[in-house]
Amino acid sequence: MEPDELARIAHDPAAFEAFYREHVEAVQRFVVRRVADPHVAADLTADVFLAAIDAAPSYQSGRGVPAAWVFGIARHVVSAEHRRSGRERRARAQVEGRRLLDPDDVARMQDRIDAEARARAVYAALAGLPEGERAVFELVALDDLTPAEAATALGIRAVTARVRLHRARASLRGQLFDDDARPTTQPMEA
Amino acid sequence: MTASPRFEDRLLQQLRQVVADRPAPRVAQRRRPRRTRLALTGVGVAAAAAAVAVVATSNDGSHSAYAVQAQADGAVSVSIHSLSDAEGLQRSLRSAGVPAVVDYVPGDASACAAPGPPAASPGTPGMGGTAERGATLRTGTAGSGPSLSQEGKPPPGDGQRRTTMSVVSTRDGDATFTIDPGTLKPGDKVYITTSTGAVSSIGMAIAAHKPTAACAPAAPTP
């Protein structure tokens with residue numbers, strides 16, 4: 001989907017479907033790099049697309065390619081989930097993702113979750129970082145965005161993103177990467 | 001995508017319904033690649049009809065020179081990307097109910113000094129704005145006549161009865177501002193001018209008469 005078409009997803013179901021099909025797998029993987037519960041992951045996947053629908057009318061192509069834009073939204077949604085109770089969110093959700101899961105879906109979501117265990121370990125280790133550094137580091141280290149894409153996803157300048165990335169790496173070095181014998185977090189698989 | 005996307009399909013159907021249930025967009029499209037003028041043609045209709053979109057843009061090559069959008073609350077938002085089509089912008093604004101006077105001639109005195117018939121400037125054949133509601137539009141560079149020669153002579157002491165400036169903000173290099181025609185008083189006009197000839201110097205003023213002293217109207221031309 002071209003950036004110019006993105007605003008249409010807010011009111012054109014066909015445009016939305018094209019957008020959804022292009023990004024739904026990436027969004028689910030993004031979510032399970034941060035949460036390990038299949039039902040919460042399904043809820044958050046729905047929430048990310050609902051938030052994208054709300055935000056699309058104000059999207060401008062200067063804000064980066066749609067994939068980075070979606071990750072910026074997804075990050076906001078998942079972070080917000082961690083800041084408040086699930087019960088509170090559920091009361092307002094337009095679409096409850098977990099109610100759309102059948103057992104096969106749960107199993108497939110669990111497969112995604114298992115595959116991303118290492119990423120979640122990194123994610124958990126980021127809790128002590130300042131928010132700005134953490135945001136950039138997440139998108140680059142967990143989600144494979146370039147620093148420039150992370151900058152557009154977060155609405156900051158590329159040079160700012162690089163500085164924050166550098167700082168985040170410096171403060172994490174002792175926690176994650178130098179302590180080979182007893183890592184602070186225990187990756188479950190290589 | 002994996003082999004059996006059941007959750008994904010169910011979620012898609014739910015979300016499609018959410019999209020379909022949303023209210024219709026107030027603005028159908030932002031800048032379009034070609035010169036287009038959509039929707040309202042009647043002057044003054046936009047102010048009365050909430051939730052109707054006017055989209056007017058003009059093309060100066062790769063970018064639209066400007067965009068005019070009617071908001072649901074009756075206000076009209078304007079975004080100016082380049083100073084290439086003052087006439088088109090003025091026409092679009094008037095179609096949206098804004099009594100606009102667009103004058104991109106830099107506001108220095110020499111450009112305003114030369115008297116002459118308002119439409120006499122060569123090289124600006126499309127000066128259709130000349131006769132519209134009595135204001136002259138200049139798109140030329142110099143010597144194209146008094147800026148508001150058909151406006152009538154301002155009553156003494158009333159030349160700057162009410163002026164509001166600096167509503168302009170620049171974003172991505174464009175000048176953007178919003179005008180609510182419903183707040184204008186009878187006789188008010190919305191002057192869009194530039195002091196240096198650059199987009200960054202665009203100013204918007206609401207006044208009964210052109211507020212820039214350097215380009216004050218000369219004697220009225222019949």
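**A tour of the aromatic rings**

Select Phe16(A), Phe19(A), Tyr20(A), Phe49(A), Tyr59(A) and Trp69(A): together they form one aromatic cluster. This is a predicted model, in which local features need pLDDT of at least 70, side-chain atom pairs count only at pLDDT 80 or more, and totals for chains, interfaces and linings use all residues. Residues are numbered from 1 along each chain as its sequence is written, chains are lettered from A and ligands numbered from 1 in the order written, and side-chain values use heavy atoms, leaving out hydrogens and water.

Rings of Phe, Tyr and Trp (its six-membered ring) pair if their centres lie within 6.5 Å; planes under 30 degrees apart are stacked, over 60 edge-to-face, and the rest tilted. The count over all chains is eight aromatic pairs.

Keep Phe19(A) and Phe49(A): their ring centres are 6.0 Å apart and their planes at 85°, so this pair is edge-to-face. Phe19(A) is in helix 1 (residues 13-32) of chain A and Phe49(A) in helix 2 (residues 38-55), 30 residues apart. Helices here are DSSP runs (H or I, at least four residues), numbered from the N terminus. Phe19(A) is buried, with a relative accessible area of 0%; buried means under 20% (1.4 Å probe, protein chains only).

Next, select Tyr59(A) and Trp69(A), an edge-to-face pair with 5.2 Å centre to centre and 75° between the planes. Both residues are buried.

Finally, select Arg34(A) and Phe30(A). The charged end of Arg34(A) sits over the ring of Phe30(A), 3.6 Å from its centre; for Arg, this requires CZ within 6 Å of the ring centre and within 35 degrees of the ring normal.

Methods. Helix = DSSP H or I, 4+ residues; strand = E, 2+ residues; numbered from the N terminus. Buried < 20%, exposed > 50% of the residue type's maximum accessible area, 1.4 Å probe, protein only.
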